[in-house]
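Here is a friendly tour of one protein chain, from its overall build down to a single side chain. Have the viewer open as you read.

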Amino acid sequence: MTLKKINPTQTESWKKLSEHFEKTKYLTLTDLFRSNSSRKTDFTITENNLELDYSKNKITSETMKLLVELANEVELKDAINKYFSGEKINETEGRAVLHTALRSNSEDEVIVEGKDIKPKIQTALRKIRAFSNKVISGKWKGYTGKAITDVVNIGIGGSDLGPDMVVEALRFYRNKLNVHFVSNVEGDHVSEVIKNLNPETTLFVIVSKTFTTQETISNANTIRDWFLRSGSIFDVAKHFVAVSTNLNAVYDFGIDKNNVFPMWNWVGGRFSLWSAVGLSISLAIGFDNFKELLNGAEEMDIHFRDTDFSENIPVVIALLSVWYNNFYKAETEAILPYTQYLSKLPDYLQQAVMESNGKSVDRNGDEINYQTGTIVWGSTGTNMQHAFMQLVHQGTKLIPADFIGYKESLHGLTSHHEKLMANYNAQMEALAFGKTAEEVHLELKTSGDFDKINQLLSYKVFKGNRPSNALLFDKLTPDSLGKLIAMYEHKIFVQGIIWNIYSYDQFGVELGKELAKKILAS
């Protein structure tokens with residue numbers, strides 16, 4: 001069974017949305033809040049320790065009703081069932097899409113090619129746990145009998161961005177191991193990482209499904225040559241492990257067969273941090289915290305799979321994104337976490353979103369004449385308030401933004417956190433409601449700047465009416481991070497279903513690689 005192939009622009013609900021947009025596009029958030037005193041309550045969803053407040057969006061209850069109608073008309077529920085059950089929804093590559101199975105604690109079978117994949121997943125998790133515990137405890141020794149102090153993850157794309165982002169995000173939960181990441185084929189990058197490392201106490205994790213990815217294998221070979229200046233070829237097995245399917249290439253490299261972790265073709269690279277690709281995460285924060293990350297993601301999976309669309313957090317944020325992308329013609333979305341720990345989240349989501357939904361051919365193989373994937377960018381608050389927020393507030397572009405906040409800080413500096421969250425709330429209020437000419441006039445008059453009123457008035461006006469979502473968690477934990485990542489994964493899925501595209505292939509990255517090989521060979 002494949003996904004339905006429905007052009008969204010030919011649906012009845014799309015036509016209704018187009019008519020509705022023409023009637024409502026000049027509504028302002030100020031007017032919407034003024035006319036409904038319970039608007040915040042009406043447009044807030046709470047799911048355990050996550051609250052989504054989407055009241056500061058250019059929508060009415062009718063907008064959401066019509067967007068949900070669109071989700072129903074493109075048969076989103078049918079697609080969700082196929083997504084979770086292991087149908088080959090990555091049709092162009094003939095594969096299932098089962099990152100959700102990696103974090104499932106349910107006893108239910110998930111059948112791929114006639115076999116239940118759950119036992120394989122559990123075996124891999126046990127292997128990750130045993131290996132992580134051995135390295136973290138110091139029982140795993142390097143070739144001179146010293147315990148491991150540093151871990152280097154060698155990968156690129158999904159084998160780098162996800163683990164790197166999570167290790168940084170959960171820095172508070174880190175153990176004594178120092179974890180580093182090498183990705184770019186640029187020699188200066190790998191040189192900078194290894195120049196201060198001790199080969200006697202460093203473990204290298206090579207992550208490559210095929211063990212042929214140019215960047216990863218180039219870096220791995222350079223690092224092995226560096227290692228062999230101190231150790232022997234027989235010592236490689238104590239310092240290198242692999243996450244791969246190409247066992248022959250792994251053995252030829254010198255890696256012990258017991259130190260190879262599995263990858264599966266029903267998990268795309270950019271959704272693979274939940275698997276053995278996340279080995280560096282487990283090493284950095286310990287297996288128990290890694291499992292909490294998976295458990296948090298599963299909570300979001302269950303919410304997404306079982307909740308009505310109108311109260312379904314990933315569905316709602318995906319529908320809002322479609323509303324802005326396809327009706328308001330907004331081309332970008334800002335991801336604005338109010339914690340420095342999530343500094344790498346925008347980079348991670350760039351790959352997850354733009355590699356997935358950057359498609360111009362639909363599921364029928366036809367060229368698309370409507371907008372698909374959005375451009376994702378962002379940074380952390382309050383840094384970005386002193387950088388690009390000028391354009392978001394007063395520029396000519398409409399940029400919907402997700403503000404991600406936490407009720408509690410981790411280190412407890414309460415006054416700092418109060419200031420941070422005051423900014424978190426103030427930015428969204430300023431975007432939504434702005435500052436009128438009357439307010440600016442009064443402000444200048446009160447400050448005694450009478451001579452500057454005419455000169456500065458127009459420059460100090462904020463038109464407002466700029467949309468945002470407020471995502472608020474209790475605290476940044478492995479569990480809440482798992483929920484956040486899974487939420488965005490499901491948002492990507494919903495958008496792909498609505499836009500009638502295949503979200504899980506990435507043929508668009510291949511041409512450049514092929515040409516680079518030809519140039520190198522010439």
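## Overall fold

Two residues are in contact when they have heavy atoms within 4.5 Å. In this predicted model, contacts with a separation of 6 or more come to 77% from residues 24 or more positions apart.

The protein chain holds 22 helices and 13 strands. Its radius of gyration is 25 Å, close to the 24 Å given by the globule rule for 522 residues, so the chain is as compact as a globular protein of that length. Along the principal axes, the C-alpha trace spans about 80 × 60 × 50 Å.

## Surface and charge

Of the 522 residues, 53% count as buried. The accessible surface comes to about 22,800 Å², and carbon and sulfur atoms hold 50% of that.

## Helix α5 and its cover

Helix α5 covers residues 76–85, and its buried residues are Leu-76, Ala-79, Ile-80, Lys-82, Tyr-83 and Phe-84. Their cover includes α4 (61–73), α6 (99–102), α14 (287–306), α15 (313–326) and α21. Just after α5 comes Gly-86, with a positive phi of about 100 degrees.

## A look at Ile-485

Ile-485 sits in helix α21, residues 478–498. Is Ile-485 buried or exposed? Its relative accessible area is 1%, so Ile-485 is buried. Beyond its neighbours within four places in sequence, Ile-485 is in contact with Met-165, Val-166, Leu-273, Trp-274 and Tyr-348.

Terms used. Residues numbered from 1 in each chain as written. Predicted model: local features only at pLDDT ≥ 70, side-chain atom pairs only at ≥ 80, totals over all residues. Heavy atoms only, no water. Helix = DSSP H or I, 4+ residues; strand = E, 2+ residues; numbered from the N terminus. Buried < 20%, exposed > 50% of the residue type's maximum accessible area, 1.4 Å probe, protein only. Rg over C-alpha atoms; globule rule 2.2 N^0.38 Å. Areas by Shrake-Rupley, 256 points an atom, 1.4 Å probe, with all protein chains shown as cover.
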